[in-house]
Amino acid sequence: MAVELYYREEGSGAPLLVLHGLFGSSSNWARLARGLAAEFRVICADLRNHGRSPHAAGMSYPQMAADVVALLDRLRLDRVALLGHSMGGKVAMQVALNQPERVSRLLVADIAPRAYRGNQAIVLEALEALHLDSLASRREADERLAAQVPETGVRAFLLTNLTQEQGRFGWRINLPEIIDGIEAIEAFPVSAGAGYPGPVQFLAGALSDYVRDDDLPGIRALFPRAEVAWLEQAGHWLHAEQPAAFLAAARRFLAAG
């Protein structure tokens, strides 16, 4: 059963739905939303088990795509442009492949339609090992994570999900469900016979290995009109690392519709 996703929006014009990646939320895209709000009605959603959306069993792409379609129905949007990063990019692809008539164009940020095995294992182990009951401060959480997650920016991003109420720490994300569903998150279940005929832009980080040259045949098998470009000096979090360049590229593609 679809869950009722939380969303935030700003701007006016043609609707654009933005979907975040694993461990993210709609708030991560506030800067991009402001940058596009003069031209588009930008709707940033929290996917299930993330942000302010409900916690629910299951993290498969058909389930998450159904949540997104239910949001479109709730907003009475027959057709939208979709922008998705990483896991959110896979959700966006799934929506476009399942219901191509609902998607005017598709922008996929640093992910390909394939399985990524083991990419998040260390992060999940580190988050699970924090033992929040014994945590005294956010600084202590950061120090504990550092042994397995050495990148300062990645730790800061992960710890946006750490909440504190009445002196007790907790997770905003549904960490147990994400751990149980990681195989589904890493997978991509679409059959080879499916396809989305609309315009698609795959925008990858030049310093990331999430989209490779050998992904191009698989991309074009499902998205025959796909264009693929790499953003210089950007890794997997390309929208945060190169925000101006990402915004310019997104605006060029989305405005062409």
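Helices here are DSSP runs of H or I with at least four residues, and strands are E runs of at least two. With that in mind, colour this predicted model by secondary structure: the protein shows 11 helices and nine strands.

**Whole chain.** A compact globule of 257 residues would have a radius of gyration near 18 Å, and the protein has 18 Å, so the two agree. If you display contacts with a separation of 6 or more, 75% of them in the protein join residues 24 or more positions apart.

**Surface.** Now select the charged side chains: 25 are positive and 29 are negative. The centres of these two sets lie 6 Å apart.

**Inside.** Hide the surface and look at the buried residues, 54% of the 257 in the protein. Nonpolar side chains tend to be buried together in soluble globular proteins. The largest nonpolar core here has 70 residues. Select Leu-17, Phe-23, Leu-106, Phe-202 and Phe-223, the members that touch the most others in this core.

Stay with Phe-202 for a moment. Which residues does Phe-202 touch, leaving out those up to four places away in sequence? Its contacts include Met-93, Val-108, Ile-111, Ala-112 and Pro-113, and also Ile-219, Phe-223, Ala-226, Glu-227, Val-228 and Ala-229.

For a last stop, select Trp-29, Leu-203, Ala-249 and Leu-254. These four belong to a second, separate core of 23 residues.

Key. Residues numbered from 1 in each chain as written. Predicted model: local features only at pLDDT ≥ 70, side-chain atom pairs only at ≥ 80, totals over all residues. Heavy atoms only, no water. Rg over C-alpha atoms; globule rule 2.2 N^0.38 Å. Buried < 20%, exposed > 50% of the residue type's maximum accessible area, 1.4 Å probe, protein only. Contact = heavy atoms within 4.5 Å. Lys, Arg positive; Asp, Glu negative; His and termini not counted. Charge placed at Lys NZ, Arg CZ, Asp CG, Glu CD. Core = buried A, V, L, I, M, F, W, Y, C linked by side-chain atoms within 4.5 Å.
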